[in-house]
Amino acid sequence: MKKTLLFLLVLTALLPAFSSSALADAPSLYFLSADGEAKTSEGALPCDAVTVYRMNSQRFLFLPAGWNSEALCVYFTGASQITLNGKACQSGDTVSLRAGSTADVKFKGGGFTLRVMQSQNIPAVFLTTASEGLDAIKADKTVREAGQCVVTAADGSHAYGGALTYIRTRGNASFYYPKKSFQIKLETAAPLLGMNADRKWVLLANYLDKSLLRNTVAYAVARYAGVYSFVPGTQPVDLYVNHQYYGSFLLAEKCEIDPDRLNIDSLEKRTEKANAAPLESFPAFGDRLYALNARKGSRVENDPEDVSGGYLILANSRVYYAWEKSGFVTSRGQAFSFDEPKYASQRQVEYASALFQQIENALFSADGVDPATGKRWSDLLDKTTFVHRYLLAEVLADYDGQKPYFYKNTDEKDPLVYCAPVWDQDNILGANESYNKPRQFYICTDQSQPYLWFPRAMKLADFKSEVVEQYRLVYAPALRILLGRETDPEGRLLSLDAYAAEIQASAAMDNVRWPIAQNRATNFNTQTGSDPAANVQYLRNFIEKRLAFLDQQWGR
């Protein structure tokens, strides 16, 4: 019996290898829209050519929206001829493959069944790397590779094409998920899909968000609030990398200081101008690890005369703080890291840490006034964005809501610190097991790590009264709009059903490429259904219960 079992186990282990070996002789097939760019005379395929995706013994062709699936150009290598549904084809022929159907592909020595799926309603982004591979980029997010980028609109028309300075993976915890997020830098600034022109763009994988809607919803609610000078533009897209379908993504404007994004003075650029050597070449100072009153940065040789701005600073966790180049920790233990300037000088770190310590001292005083300076917290920190950033986090049960961005311009232009921009929203609305109970508060209570500012602010009468008022005016209506009970006459915010319908076909393809049922990347992400529709329903149920709870607490 044991020998038989051992034989079966060995046979089972060998079967995939035999199958893979046989299929390794299959020709490589690439498809192009018959209306698109043809294969060049030198044999090179354009960036938007789509190849077959293999999952175990299955074969899929994932087509972008707008292509006529019944008029495709097929190119292949590894065979002189193939047949598609019994019709002989030469490389370069036009073929018909109806979306939603299967096709029989035959070639000398074998064949396979090809399942054809097609997206709808959303654009597609095609990236190719110089090496035609992703292994090095996926293994190390500091690795960058040049390439090409093509963007097509939802109707299949050409929207952009050009060279990439680089493509790289991005993220902290999300870097370790199977479905990677990317950052790209175009060689020339471009207004992709109606968003502001720029060179740097982010492609968010939304791997932990099985509905693929949470970032879209959160940014839309932030725009609906109407209080932020910059909310990153976003657009759902289908992503293809090296001709291979990679999944449903969210193309987003990068959260950065830039005239077309967060439009404040760039201290980083002024510091670069003041130094002949690259900022990253200067030695570090301070302790890398988290500790009370810690300071760290770079021993930059020359500072600009004015170091009062602009800063883009993130409230951070103890672990992530250790990963960053520059930062500081307040006397009560709140960690902050610098996004810009990334390599902050000692003078810049001291300026920002002293200012943020004054804000904290005022927040933690009995009357909201720093006894050392006589300044109220709202004399230093913009009350409107601080209130709204707290509300967005609490209303959407945002796991990372205790770690918002802050920015500050130069004193000459604006002395206030602002709590913005909004970023990183894929863990909201019950996606995290620690935050998946809709009928309780999360952000206004102390957490296991010292995320202190919002809980403390909720104990100040002027902050809390404004929170309640803005909930009634802005966020309760926003939740009702998401549920389809009301509409936004300005169209800034749509119903959850409308957002779901936009990506329905894309989500179906993504669920094949990255099966929801197999998504166990972490031990803290809520399992909210095995298909896209079930996850949208989970989201709707969570919003309904969240609205009822918050109405009970603040609505009256």
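Reader: Which residue's side chain meets Lys-179 in a salt bridge?
Author: Asp-510. The N to O distance is 2.7 Å. Keep in mind that this is a predicted model.

Reader: Are Lys-179 and Asp-510 buried or exposed?
Author: Both Lys-179 and Asp-510 are buried.

Reader: OK, totals. How many salt bridges does the structure hold?
Author: There are 16.

Reader: What about Asp-209, which partner does its side chain meet in a salt bridge?
Author: Arg-214, at 2.5 Å from N to O. Asp-209 is buried, and Arg-214 is buried too.

Reader: Next one. What is the N to O distance between Asp-400 and Lys-403?
Author: 3.1 Å, and their side chains form a salt bridge.

Reader: Why does Lys-403 count as buried?
Author: Because its relative accessibility is 15%, and buried means under 20% relative accessible area. Asp-400 has a relative accessible area of 12%, so Asp-400 is buried as well.

Reader: Switching to networks. Which residues are linked with Glu-256 in a network of salt bridges?
Author: Asp-198 and Arg-261.

Reader: And why can such side chains pair at all?
Author: Because side chains of opposite charge can pair when their charged atoms come close.

Methods
Residues are numbered from 1 along each chain as its sequence is written. This is a predicted model: local features need pLDDT of at least 70, side-chain atom pairs count only at pLDDT 80 or more; totals for chains, interfaces and linings use all residues. Side-chain values use heavy atoms; hydrogens and water are left out. A salt bridge is a side-chain nitrogen of Lys or Arg within 4 Å of a carboxyl oxygen of Asp or Glu. Buried means under 20% relative accessible area, exposed over 50%, partly exposed in between (1.4 Å probe, protein chains only).
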